[in-house]
Amino acid sequence: MGEQPIFSTRAHVFQIDPTTKKNWVPTSKHAVTVSYFYDNTRNVYRIISLDGSKAIINSTITPNMTFTKTSQKFGQWPDSRANTVYGLGFSSEHHLTKFSEKFQEFKDAARIAKEKMQEKMDLTSTPSQESAGGDLQSPLTPESINGTDDERSIQDVVQDSDARAEINQSSLPFTHSTTIGKHWESELATLKTNNAKLTAALLESTANVKQWKQQLTAYQDEAERLHKRVSELECLSGQANVLKTHKTELNRTIEELEAQMKDKEEEIERLKKDIEGARQLEAQRDTLSQQLQEVESRNRDLVEQLTDFEQRLEKSQNEQGVFRNNLKTLLEILDGKIFELTELRDNLAKLIEGS
């Protein structure tokens, strides 16, 4: 075919869904080689990519094509000849930029080649030349004029058809001119239809990108809310540690009071023995009786304190049980939210990879 590769890179290849015109359909399971080719026999530039022996991209670059960067690693361009939109996902922004620069370079080269071809056709097409008939019939095949006629814009088609109509009036029979006129009307209608479809597909793609950005913002807000919730739960956990420390202190105080109570009981017993041994000494008995009354009073105070501490301990244990149940419930809710967040992150990653 006389084609030579002039630039190659690797990328994931996608095509717009022909049914919905919204979603991207991957045409390669992994990154493949995408190359620019130059056909010196027809003086055209093409983008070709093969997945094994299957051609997944075969697009001829025309002056009216536009390569659009939709993200830092993804770009696309419409091909009216193939009636589709191609998309490429690159491994880095540098590769995307390089591919885009080459696209613009070869697009300009295709425009210059088209202008030169048009000038050559205008110079060689005269009413007296029999070869004019062959030139006029060349648009009847999709491969004529370097295979780019069916990718021209509507304005180029109208201008070119008007110029060829003038030549036909002076060099071809009326019936042949009518046939070519009908052909160009059909070509113009087809291009209008393809242009409308591609415009609708591009608008839908733009709407999808906006929707994905809104979903990403919502996911980020949800993640921030969950982070705040985790911080609150950590604070609650800190309060639980404080309560545990307080309980330990209460237990230590109770043990000390129990030891004091035991000491006091031993002291009471000792005083009772002293009273029995000092019955015959009234002064000592009165003194010991007074001491005994004081000890009993203190004992009652200790018993009341012990009862109060037992009630406080029981209340603290109940509160700790309720708090432990609430904390367990909060931890279960937190686990569920973390799982939902992880699932949302995975879905988002898949969406990003799919785009």
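**Strands, aromatic residues and salt bridges in a predicted model**

In the hairpin of S4 and S5, which has two residues between the strands, Gly 52 adopts a positive phi near 75 degrees. Strands here are DSSP runs of E with at least two residues, helices are runs of H or I with at least four, and both are numbered from the N terminus. The model is a predicted one, in which local features need pLDDT of at least 70 and side-chain atom pairs count only at pLDDT 80 or more, while totals for chains, interfaces and linings use all residues. Residues are numbered from 1 along each chain as its sequence is written, and side-chain values use heavy atoms, with hydrogens and water left out.

The hairpin of S3 and S4 has four residues between the strands, and Asn 43 takes a positive phi near 60 degrees in it.

How enclosed is strand S4 by the rest of the structure? Six of the eight residues of S4 (residues 44-51) are buried, so the strand is largely enclosed. Buried means under 20% relative accessible area, exposed means over 50%, and partly exposed lies in between, with a 1.4 Å probe and protein chains only. In a regular strand the side chains alternate between the two faces of the sheet.

Turning to the chain as a whole, the secondary structure comes to six helices and eight strands. From the N terminus on, the elements run β-β-β-β-β-β-β-β-α-α-α-α-α-α. Buried residues make up 30% of the 355 residues in the chain. Among contacts (heavy atoms within 4.5 Å) between residues at least 6 apart in sequence, 60% join residues at least 24 apart.

Helix H1 (residues 93-124) has 32 residues and reaches 46 Å from its first C-alpha to its last, close to the 46 Å expected at 1.5 Å a residue; the expected span is 1.5 Å times one less than the number of residues. The buried residues of H1 include Phe 99, Phe 103 and Phe 106. These three also belong to one aromatic cluster, together with Phe 7, Tyr 36, Tyr 38, Tyr 45, Phe 67, Trp 77, Tyr 86 and Phe 90. A search of the whole structure finds 14 aromatic pairs, where rings of Phe, Tyr and Trp (its six-membered ring) pair if their centres lie within 6.5 Å; planes under 30 degrees apart count as stacked, over 60 as edge-to-face and the rest as tilted.

The structure also holds six salt bridges, each defined by a side-chain nitrogen of Lys or Arg within 4 Å of a carboxyl oxygen of Asp or Glu. One of them joins Arg 42 and Asp 39 at 3.3 Å, N to O. Arg 42 is partly exposed at 21% relative accessibility, whereas Asp 39 is buried at 1%. Another joins Lys 264 and Glu 267 at 3.7 Å, N to O. Both residues lie in helix H5 (residues 174-277), three residues apart, about one turn of the helix. An α-helix has 3.6 residues a turn, so residues three or four places apart point the same way. Lys 264 is partly exposed at 22%, and Glu 267 is partly exposed at 25%.

How values were computed:
Pairing = 2+ DSSP bridges.
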